[in-house]
Amino acid sequence: MNKTSFIKFSYQHILKPVLFLFDPELIHDSFLNIGNAISKIKPLTFLYHNLFYFRSSILEQEVDGIKYENPVGLSAGFDKE
């Protein structure tokens, strides 16, 4: 089982069912706090990067002369304010 398959399986069969038991706002706020904490601890940042970083030339884009490795987007609600 490769890294992508493991992460997909873990999310679909373990993490998602557990997360859906809780209030969506609580989960949202918790994940924002977790992301903030990860960004401040170098070993966790390194681990996160190695687990979840994905690069593909298919995703690369150039907009107004600026090259992006991946498309830029916002999850629902992040554009609220």
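The model is predicted: local features need pLDDT of at least 70, side-chain atom pairs count only at pLDDT 80 or more, and totals for chains, interfaces and linings use all residues. Residues are numbered from 1 along each chain as its sequence is written, and side-chain values use heavy atoms, with hydrogens and water left out.

**Fold**

The protein chain has three helices and two strands. Along the sequence they follow the pattern α-α-α-β-β. Both kinds of element are DSSP runs numbered from the N terminus: helices are H or I with at least four residues, strands are E with at least two. Of the 81 residues, 5% count as buried. Buried means under 20% relative accessible area, exposed over 50%, and partly exposed in between (1.4 Å probe, protein chains only).

**Helix 2 and helix 3**

The axes of these two helices come within 5 Å and cross at roughly 110°. Axes are lines fitted to C-alpha atoms, for helices over the stretch in contact, and angles run from 0 to 180 degrees between N-to-C directions. Helix 2 and helix 3 are therefore roughly perpendicular to each other (65 to 115 degrees; under 35 is roughly parallel, over 145 roughly antiparallel, the rest oblique). I38, S39 and K40 in helix 2 meet K42, L44, T45 and Y48 in helix 3. Contact means heavy atoms within 4.5 Å.

**The largest pocket**

The largest pocket has a volume of about 560 Å³. A pocket is an open set of points on a 1 Å grid over the protein atoms alone, where a 1.4 Å probe fits, with protein on both sides within 12 Å along at least five of seven lines; lining residues have an atom within 4 Å of a point. The volume is the space filled by probe spheres set on the points, which are joined across faces, edges and corners. Of the 20 lining residues, F31, I34, I38, Y48 and F52 are closest to the centre. Helix 2 gives the most to the lining, with eight residues.

These elements give two or more residues to the lining:

| Element | Residues |
|---|---|
| Helix 1 | 3-19 |
| Helix 2 | 24-40 |
| Helix 3 | 42-52 |

The lining has 15 nonpolar, five polar and no charged residues. Ala, Val, Leu, Ile, Met, Phe, Trp, Tyr, Cys and Pro count as nonpolar, Asp, Glu, Lys and Arg as charged, and the others, Gly among them, as polar.

**Two residues**

L19 is in helix 1. At 18% relative accessibility, L19 counts as buried. D64 lies in the loop between strand 1 (61-63) and strand 2 (66-68). At 77% relative accessibility, D64 counts as exposed.
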